[in-house]
Amino acid sequence: MVIKNMKKFTTLLIIVICFWASMTEAIYLLYKDPKQPIGDRIKDLMSRMTLEEKIGQMTQIDRSVASNEIIKKYKIGSVLSGGGSVPGKQASPFTWIDMVNDFQKGALSTRLGIPMIYGIDAVHGHSSVYKATIFPHNIGLGVTRQVLILANMTKCTTCIV
């Protein structure tokens, strides 16, 4: 008799736990609803954030010190590859993608699931990616001079230079 009642109690307890777990996942988060006005979404998100999360979101760290764990622990909002900061020697585009995706997993696994922003110093092309196309600075300057010359020759008053 005791074993029968214990089985019923255990079954009931499992059902209650499953019901409770499904209810917690169904919580509506206004800031994640793209159909809502952006101002309302921002107010909702800001009201949910702790001071630590706000500081982390305003922080940008270099790729060389970033990791999935660091981004998650400190709620980092932005990572930068600046001045030749690369994931490895002769890093392929796939290496870059894997690295950034790993960082993003850390960001998305935080309490609020805010994606991080990844920045890169690539003014003249992505010279940090192995075998990538690079646009030399002099070509860019030559093109601007040509535009200026053409604008002056035609006396264009509506040209954007």
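Leaving aside its neighbours within four places in sequence, which residues is Y130 in contact with? Y130 is in contact with Q90 and A91, where contact means heavy atoms within 4.5 Å. This report sets that detail within the rest of the chain.

The structure is a predicted model, in which local features need pLDDT of at least 70 and side-chain atom pairs count only at pLDDT 80 or more, while totals for chains, interfaces and linings use all residues. Residues are numbered from 1 along each chain as its sequence is written, and side-chain values use heavy atoms, with hydrogens and water left out.

**Overall layout**

The protein chain has six helices and three strands, which are DSSP runs numbered from the N terminus (helices are H or I with at least four residues, strands are E with at least two). Along the sequence these elements follow the pattern α-α-α-β-α-β-α-β-α. Of the 161 residues in the protein chain, 22% are buried; buried means under 20% relative accessible area, exposed means over 50%, and partly exposed lies in between, with a 1.4 Å probe and protein chains only. Among the contacts with a separation of 6 or more, 42% are accounted for by residues 24 or more positions apart.

**Cores and the aromatic pair**

A nonpolar core is a set of buried Ala, Val, Leu, Ile, Met, Phe, Trp, Tyr and Cys residues joined through side-chain atoms within 4.5 Å. The largest such core has twelve residues, including I61, A66, W96, F103 and V129. Helix 5 (residues 93-108) gives the most to this core, with four residues. Apart from it lies another core, of five residues, among them Y31, M49, L112 and I114. A91, which belongs to the largest core, touches W96, S128, V129 and Y130 when residues up to four places away in sequence are not counted.

The count of aromatic pairs comes to one, under a rule that pairs the rings of Phe, Tyr and Trp (its six-membered ring) if their centres lie within 6.5 Å, with planes under 30 degrees apart counted as stacked, over 60 as edge-to-face and the rest as tilted. F103 and Y118 form this pair, which is stacked, with 6.4 Å centre to centre and 25° between the planes. Because F103 lies in helix 5 and Y118 in strand 3 (residues 117-120), the pair ties together parts that are 15 residues apart in sequence. F103 counts as buried, at 5% relative accessibility, whereas Y118 counts as partly exposed, at 22%.

**The cavity**

A search of the whole structure finds one cavity of 30 Å³ or more, a cavity being a set of points, on a 1 Å grid over the protein atoms alone, where a 1.4 Å probe fits but cannot get out. About 60 Å³ of space lies in the largest cavity, with grid points joined across faces, edges and corners and the volume taken as the space filled by probe spheres set on the points. Its lining residues, which have an atom within 4 Å of a point, are E53, Q57, K75, I76, A107, T110, L112 and I114. By class, this lining has four nonpolar, two polar and two charged residues; Ala, Val, Leu, Ile, Met, Phe, Trp, Tyr, Cys and Pro count as nonpolar, Asp, Glu, Lys and Arg as charged, and the others, Gly among them, as polar.

**Loops and backbone**

Most residues other than glycine have a negative phi. K75, one of the cavity-lining residues, has a positive phi near 55° and is placed in the loop between helix 4 (68-74) and strand 2 (78-81). Q90 also has a positive phi, of about 55°, although it is not a glycine, and Q90 is found in the loop between strand 2 and helix 5.

| Residue pair | Separation in sequence | C-alpha distance |
|---|---|---|
| D102 and S67 | 35 residues | 7.6 Å |
| Y130 and G88 | 42 residues | 9.8 Å |
| G83 and A122 | 39 residues | 8.7 Å |

D102 is found in helix 5 and counts as partly exposed, at 34% relative accessibility. Y130 lies in the loop between strand 3 and helix 6 (137-153) and counts as partly exposed, at 39% relative accessibility. G83 lies in the loop between strand 2 and helix 5, and G83 is exposed, with a relative accessible area of 70%.

Methods
1 Å grid on protein atoms, 1.4 Å probe; cavity = no way out; pocket = protein on both sides within 12 Å on 5 of 7 lines; lining within 4 Å.
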